[in-house]
Amino acid sequence: GCGASGMSFLHALATRHQRQQRMMASMNGMGASAATEELCKLPRVTCYERSAHPGGIWVSSKEGEQGSAASSSYCESASSNDKDEVEEGILPRMYSSLWSIIPKEMTEFSDYTYSQHFGGKSVPVFLPRKDLLQYITSRATSVDPDIFNGTSEQQTQQLHQIKFRTEVLSVDYDAVINQFIVKSRSIEGTSNGGAGEVDVARYDYCIWAGGQHGKPRIPR
């Protein structure tokens, strides 16, 4: 998924990519060749996200949210399709007015501080959901402004691909070929109103980034 955990992994990949590029630009000869070799070793990642945008359960199911952060376009509320799925119990979401009960000092990233994000302004110890969502997504876009878009330099070089509005149907490990077999399909729908065709892909590694609330659990 492309929630907090998924975005952190993509951020780490983009950071490593930029670091290797800077090394290549500052070196000559064998040093540049070694840096190029390390760049080629970076994994090619595919991120599957059922929603139409990043954020996971941090995105509210209510409409009309507007943010002031640079990444506010990624932090707006769920689309109409997402809202339908929230009501059906498919996509778990936080409620719009939720506030964190964890002090912000315990959720701050060392490479992207709250002071950087809020422009040095004083903020409360406990932050509302919306501010935390903007902080998380802004950290990802701080290293690559197009990290969630198809125009991303990393995507151009096929380092990562995010498949929004895509559901994972199954993940199986094939011991014969030592790879994971992932079946997925687009939930955007086709021209006749049906679901998209099932896509089958093979990967060397698989990361579960759906979170502890990836599947809603309703107490009985």
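Asn178 counts as partly exposed because its relative accessibility is 48%; buried means under 20% relative accessible area, exposed over 50%, and partly exposed in between, with a 1.4 Å probe and protein chains only. Asn178 sits in the loop that links strand S3 (166–174) to strand S4 (179–186). Asp204 is 26 residues from Asn178 in sequence, and their C-alpha atoms are 7.1 Å apart in space.

This is a predicted model, in which local features need pLDDT of at least 70 and side-chain atom pairs count only at pLDDT 80 or more, while totals for chains, interfaces and linings use all residues. Residues are numbered from 1 along each chain as its sequence is written, and side-chain values use heavy atoms, with hydrogens and water left out.

The protein has seven helices and five strands. Helices (H or I, at least four residues) and strands (E, at least two) are DSSP runs, numbered from the N terminus. Their order from the N terminus is α-α-β-α-α-α-α-α-β-β-β-β. Of the 220 residues, 37% count as buried. Contact means heavy atoms within 4.5 Å; among contacts between residues at least 6 apart in sequence, 60% join residues at least 24 apart.

In soluble globular proteins, nonpolar side chains tend to be buried together. A nonpolar core is a set of buried Ala, Val, Leu, Ile, Met, Phe, Trp, Tyr and Cys residues joined through side-chain atoms within 4.5 Å. The largest one here has 16 residues, and Cys2, Leu10, Ile147, Phe148 and Ile162 have the most contacts inside it. At least two residues of this core come from each of helix H1 (4–26), strand S1 (45–49) and helix H6 (129–143). H1 gives the largest share, four residues. Another core, of seven residues, lies apart from it and includes Tyr112, Tyr114, Phe118 and Tyr135.

H1 and H6 also meet each other. Their axes come within 9 Å and cross at roughly 20°; axes are lines fitted to C-alpha atoms, for helices over the stretch in contact, and angles run from 0 to 180 degrees between N-to-C directions. The two helices are therefore roughly parallel, since angles under 35 degrees count as roughly parallel, over 145 as roughly antiparallel, 65 to 115 as roughly perpendicular and the rest as oblique. On the H1 side, the residues in contact are Ala4, Met7, Ser8, His11, Ala14, Thr15 and Gln18, and on the H6 side Ile136, Thr137, Arg139, Ala140 and Val143.
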